[in-house]
Amino acid sequence: WTEYIILIMKAFISLVLVIFSFTENQEISDMQTVMQLSIDLKELQPYFHNSTRPLVIELNKHVDYDVELTKFGLPVELKSKAEIFVENKKSFISFRQLSMNNAKAQVSFIYSGRGVLVDLELMKIGNDWIIDHSNLTEK
């Protein structure tokens, strides 16, 4: 019986780990999609210039190291506040809010150097995220 119980416990633990891994990967995938939609916001595009290539996003508590984003056909660079300061980057995106659940997301970020604040509300329909509401304010 002991071997049988150990076998069942190992199977259960493996199942939990697979479910956790899938959930974590889905969360990163959703975060990546929401962030990509945010930087691709149509109203934001006129504020990007050649000098902003590649686009830099500040790493902070709202930005996961595992996200892979692109802009202008180039990978987005994720940099710490210290790296941004040392490299004297004037134009970068700093996410101030990125809260999500299975159906909705709220995003707020500042595009420093361009004086732009962006607030977004997104909703998930099926497997697709769409922007439900957006507000872009020049500072």
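Predicted model: local features only at pLDDT ≥ 70, side-chain atom pairs only at ≥ 80, totals over all residues.
Let's start with strands 7 and 8: strand 7 covers residues 116-125, strand 8 covers residues 128-138, and the two run antiparallel, joined by 10 bridges. Strands here are DSSP runs of E with at least two residues, helices are runs of H or I with at least four, and both are numbered from the N terminus. Two strands count as paired if DSSP finds at least two bridges between them.

Residues are numbered from 1 along each chain as its sequence is written, and side-chain values use heavy atoms, with hydrogens and water left out.

Now the overall layout. The chain has two helices and eight strands, and from the N terminus the order is α-β-β-β-β-α-β-β-β-β. Contact means heavy atoms within 4.5 Å. Among contacts between residues at least 6 apart in sequence, 44% join residues at least 24 apart. Of the 139 residues, 33% are buried; buried means under 20% relative accessible area, exposed means over 50%, and partly exposed is in between, with a 1.4 Å probe and protein chains only.

What does the largest nonpolar core look like, and which residues have the most contacts inside it? It has 27 residues, and Met35, Leu44, Ile57 and Ile93 have the most contacts inside it. Helix 1, strand 5 (92-100), strand 6 (104-112) and strand 7 each supply at least two of its residues. By nonpolar core I mean a set of buried Ala, Val, Leu, Ile, Met, Phe, Trp, Tyr and Cys residues joined through side-chain atoms within 4.5 Å. Lysine 124 pairs with aspartate 30, with the closest N and O atoms 3.1 Å apart. Lysine 124 lies in strand 7 and aspartate 30 in helix 1 (residues 2-39), so this pair ties together parts that are 94 residues apart in sequence. Both lysine 124 and aspartate 30 are buried.

Another salt bridge joins glutamate 58 and lysine 81, at 4.0 Å from N to O. Here strand 1 (residues 56-58) holds glutamate 58 and helix 2 (residues 81-86) holds lysine 81, 23 residues apart. Buried or exposed, what is lysine 81? Lysine 81 is exposed at 58% relative accessibility, whereas glutamate 58 is buried at 6%.

Glutamate 77 and lysine 79 also form a salt bridge, at 3.4 Å from N to O, and a network of salt bridges links Glu77, Lys79 and Glu87. Lysine 79 is buried at 11%, while glutamate 77 is partly exposed at 29%.

Last stop, serine 108 in strand 6. Serine 108 is buried, with a relative accessible area of 9%. Beyond its neighbours within four places in sequence, serine 108 has contacts that include Ser94, Phe95, Leu117 and Val118.

Notes: Salt bridge = Lys/Arg side-chain N within 4 Å of Asp/Glu carboxyl O.
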